[in-house]
Amino acid sequence: MFRHVPGLFYAPSATWNRIHDDIERSPSGFLPLLLIGSLIPALCIYYGAAIAGWSLFGSEQQKFLSQSSAAMLALAVWLAYVTNVIIMGWMIRWVLFRTPARPSAFRGMAFATFLSVPFMLGALAALLPERWLILLVIPLVAGYSALHLYLGLPIYMQLSKSKAYFYATCILAVGLLTMLCVGLFYLESWRAMSPPGEYQGIEDRRVEQLSP
């Protein structure tokens, strides 16, 4: 399934046809892409939080997380990506319950996995967590994922374009709500498990690095 990722950017229509055919032959073939691809945002978040540092909105002071806290945050991000795809697989099946060929939850998860590819790749911006870069990347990846939703749904689910537009809009609304709820759940879980005082300034980081 990894071979389809480049095609999503230069030949999306033909790529969605190939994805449809591959999922028909191997319904679980998307799992390596989901489980390994979700490591990209997790590892990038770890690097940005523990090594590169970031400046919070409203403050120019550079902040870091300790390695243990950043690792917990990276795990939360990975779990959030996987959980979001699993939930969306069932939500897509639910939205399309009136279609002639109602998809299985696995087919819905495969579709959601490929829709999340722009978010996986966009997370590379976390390697250099500058505020202007993050504000630029987030709407770009969200817009590209939404574009693929409207383009890929009629091809992947074998629907007419007129009906697919309505279903895609419903999936988009459910997807936004799911992303918000899942993201908040894992963010609050990380904050609850992360020990206090994990935010460090540059001076704290230098002291930590110089200490034996």
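Select helix 5 (residues 67-95) and helix 9 (residues 161-193). Helix 5 passes helix 9 in a right-handed crossing; a crossing is right-handed if the near helix is turned clockwise from the far one by less than a right angle, and left-handed if anticlockwise. The two pack at an angle of about 155°, with their axes 9 Å apart. Axes here are lines fitted to C-alpha atoms, for helices over the stretch in contact, and angles run from 0 to 180 degrees between N-to-C directions. Helix 5 and helix 9 are therefore roughly antiparallel to each other, given that angles over 145 degrees count as roughly antiparallel, under 35 as roughly parallel, 65 to 115 as roughly perpendicular and the rest as oblique. Colour the contact residues of this pair by class: 20 are nonpolar, 5 polar and none charged. In this scheme Ala, Val, Leu, Ile, Met, Phe, Trp, Tyr, Cys and Pro are nonpolar, Asp, Glu, Lys and Arg are charged, and the others, Gly among them, are polar.

A note on what is on screen: this is a predicted model, in which local features need pLDDT of at least 70 and side-chain atom pairs count only at pLDDT 80 or more, while totals for chains, interfaces and linings use all residues. Residues are numbered from 1 along each chain as its sequence is written, and side-chain values use heavy atoms, with hydrogens and water left out.

Now show the whole chain as a cartoon. The chain has 10 helices and 3 strands, which are DSSP runs numbered from the N terminus (helices: H or I, at least four residues; strands: E, at least two). Followed along the sequence, the pattern is α-α-α-α-β-β-α-α-α-α-α-β-α. Switch to a surface: the accessible surface comes to about 11,600 Å², and 70% of that belongs to carbon and sulfur atoms. These areas come from the Shrake-Rupley method with a 1.4 Å probe; for residues, only the protein chains shown count as cover. Of the 212 residues, 45% count as buried, that is, under 20% relative accessible area, with exposed meaning over 50% and partly exposed in between. Among contacts with a separation of 6 or more, 71% join residues 24 or more positions apart; contact means heavy atoms within 4.5 Å.

Next, select helix 6 (residues 105-115), where 10 of the 11 residues are buried. The buried residues include Gly108, Met109, Phe111 and Thr113.

Keep helix 6 and return to helix 5. These two pack at an angle of about 120°, with axes 7 Å apart. That makes helix 5 oblique to helix 6. The crossing of helix 5 over helix 6 is right-handed. On the helix 5 side, show Val85, Ile86, Met88, Gly89, Trp90, Ile92 and Arg93; on the helix 6 side, show Ala105, Gly108, Met109, Phe111, Ala112 and Thr113. By class this contact has 9 nonpolar, 3 polar and 1 charged residues.

Two residues from earlier in the chain come next. Phe30 is in the loop between helix 2 (12-25) and helix 3 (31-37). Is Phe30 buried or exposed? Its relative accessibility is 0%, so Phe30 counts as buried. Apart from neighbours within four places in sequence, Phe30 touches Met1, Ile23, Phe106, Met109, Ala110 and Thr113. Draw a distance from Phe30 to Thr113: the C-alpha atoms are separated by 7.2 Å, although the residues lie 83 apart along the chain.

Leu34 is in helix 3. With a relative accessible area of 3%, Leu34 is buried. Beyond neighbours within four places in sequence, Leu34 is in contact with Tyr81, Val82, Val85, Thr113 and Met120. Leu34 and Val82 are 48 residues apart in sequence, and 6.8 Å apart in space, C-alpha to C-alpha.

Move to helix 2 and helix 8, whose axes come within 9 Å and cross at roughly 45°. Helix 2 and helix 8 are therefore oblique to each other, and their crossing is right-handed. In helix 2, show Pro12, Ser13, Trp16, Asn17, Ile19, His20 and Ile23, which meet His148, Leu151, Gly152, Ile155 and Tyr156 in helix 8. This contact has 7 nonpolar, 5 polar and no charged residues.

The last stop is Gln158, in the loop between helix 8 (131-156) and helix 9. At 55% relative accessibility, Gln158 counts as exposed. Its phi is near 55°, a positive value in a residue other than glycine.

Conventions. Buried < 20%, exposed > 50% of the residue type's maximum accessible area, 1.4 Å probe, protein only.
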